[in-house]
Each structure stands twice: as C-alpha cells, then as structure tokens.
Amino acid sequence: VQLQASGGGLVQAGGSLRLSCAASGSTFSTYAMGWYRQAPGKQRELVAIINSGGSTNYADSVKGRFTVSLDNAKNTVYLQTYRLKPEDTAVYYCKYIHSPYVYWGQGTQVTVSS
C-alpha cells in the first residue's frame, strides 16, 4: 500500500485547511485510515482516525474543530480542519491500518501563524 498525502500549508490562526491522503496498491476491503502529527521536539500523536465502517476517534485537542472522513471508493481519507491554532503546527502523517499491517505516508507540513 502506498499513501500520498496533500493539502498542507501555511495558514493564519483561525483559518482552515483540508488534508487528503490517497491509498493505492494492494488495498483491503476492511481497514482504518487516520492522521497523526508530530511537532518539533514532540512525539507523534493521534489526531483522528476512521475505519471503513465509519467509526471515528479524535484527540481531545481537536474535537469540535477537525473532521475526519473517508471515501471508500477512492481509498482516500480527508481531514477538514477549522479554527486552527498555532499549537496545531506540525507535520501531519496519514496512516493505513489492516492489522497486522501498518503503512505511513510521507507527511505534509501544516504551519499556523499567530
């Protein structure tokens, strides 16, 4: 499975961005896809995740501001972000899971200026 992420960029605080991550190759019919982020000097953390059945899970820090969605036909996960804060600045990575297999995308930078 190969993952191609896009949509990062520079945005002012209070703005929004939409990240996309498309999976290609030998994908599975049941899977989960999600977004993680890693800020400088910090560990990689979960942002949001969704499975092919539509169940979602969010980090407390983004609940009510970010929405994760999945297009099963396109094997593409989206992260719509709203009311971005400077502390959301990080490299955002997408992840594809079909236990026991895990695949990571290359990351896309999100920078939120104050």
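This is a predicted model. Start by selecting strand E11 and showing its side chains. They alternate along the strand. Thr108, Val110 and Val112 point to one face and are buried.

Strand E2, residues 9–12, pairs with E11 in the parallel sense over four bridges. Find Leu10: its bridge partner in E11 is Thr111. E9 and E11 run antiparallel and are joined by three bridges. Here, look for Ala90, whose bridge partner in E11 is Val110.

Next stop: the core. The largest nonpolar core has 30 residues. Which of them touch the most other members? Select Met33, Trp35, Leu79 and Tyr92 to see them. Several strands give two or more residues to this core, including E4 (32–38), E8 (76–81), E9 (90–98) and E11 (108–113).

Zoom in on Leu79. Leaving out residues up to four places away in sequence, Leu79 touches Trp35 and Tyr92, among others. Its other contacts include Leu17, Val47, Phe66 and Val68.

Now zoom out and color by secondary structure. How many helices and strands are there? The chain has zero helices and eleven strands. Buried residues make up 41% of its 114 residues. The C-alpha atoms fill a box of roughly 40 × 25 × 20 Å along the principal axes. A compact globule with 114 residues would have a radius of gyration near 13 Å, so the chain's 13 Å agrees.

Notes
Residues numbered from 1 in each chain as written. Predicted model: local features only at pLDDT ≥ 70, side-chain atom pairs only at ≥ 80, totals over all residues. Heavy atoms only, no water. Core = buried A, V, L, I, M, F, W, Y, C linked by side-chain atoms within 4.5 Å. Buried < 20%, exposed > 50% of the residue type's maximum accessible area, 1.4 Å probe, protein only. Contact = heavy atoms within 4.5 Å. Pairing = 2+ DSSP bridges. Rg over C-alpha atoms; globule rule 2.2 N^0.38 Å.
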